Amino acid sequence: MRDVTQDADRKAGYECFDCGNVVDGTNPGTCPECGSTMRNRGTPME
Ligand SMILES: [Zn+2]
């Protein structure tokens with residue numbers, strides 16, 4: 001039996017509010033490109 005997770009639907013990583021830069025993995029805190037706030041892409045926001 002496989003261990004199915006929801007990770008495929010919930011893209012991990014963080015997206016920059018300002019420039020749209022995407023960083024995989026843990027929260028970098030601020031965008032490495034422009035230093036703006038990063039948003040968790042895994043958070044369901046419609
Ligand atoms: Zn940015």
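Hi everyone, let's start with cysteine 16: its relative accessible area is 3%, so cysteine 16 is buried. Buried here means under 20% relative accessible area, exposed means over 50%, and partly exposed is in between, using a 1.4 Å probe and protein chains only.

Before going on, a word on where this comes from. This is a predicted model, where local features need pLDDT of at least 70, side-chain atom pairs count only at pLDDT 80 or more, and totals for chains, interfaces and linings use all residues. Residues are numbered from 1 along each chain as its sequence is written, and side-chain values use heavy atoms, with hydrogens and water left out.

Now, which residues hold the zinc ion as protein donors? They are Cys16, Cys19, Cys31 and Cys34, each through SG, lying 2.3 Å from the zinc ion. Donors are N, O and S atoms within 2.8 Å of the metal (3.2 Å for Na, K and Ca); water is not among the atoms, so sites may look incomplete. Along the chain, the donors follow the spacing C-x2-C-x11-C-x2-C. Cysteine 16, in strand E1 (residues 14-16), and cysteine 34, in the loop between strand E2 (22-23) and strand E3 (38-40), are 18 residues apart, and the pair links distant parts of the chain. Strands are DSSP runs of at least two residues, labelled E and numbered from the N terminus.

Why is the arrangement called tetrahedral? Because the four donor atoms subtend angles of 103 to 119° around the zinc ion; four donors count as tetrahedral if all angles lie between 85 and 135 degrees. For comparison, the ideal angle for four tetrahedral donors is 109.5 degrees.

Next, the strands. They form an open sheet of three, in the order E2-E1-E3, with antiparallel pairing. E2 and E3 are the edge strands, each pairing on one side only. Two strands pair if DSSP finds at least two bridges between them, and E1 and E3 are joined by three. Cysteine 16 stands opposite methionine 38 in E3.

Both of those residues also belong to the largest nonpolar core, along with Tyr14, Val23 and Cys31. Such a core is a set of buried Ala, Val, Leu, Ile, Met, Phe, Trp, Tyr and Cys residues joined through side-chain atoms within 4.5 Å.

Last stop: asparagine 21, in the loop between E1 and E2. Asparagine 21 is buried, because its relative accessible area is 19%. Leaving out residues up to four places away in sequence, asparagine 21 touches several residues, including Cys16, Cys31 and Met38. Contact means heavy atoms within 4.5 Å.

Note on methods:
Tetrahedral: all angles 85-135°; square planar, octahedral: opposite > 155°, others 65-115°. Helix = DSSP H or I, 4+ residues; strand = E, 2+ residues; numbered from the N terminus.
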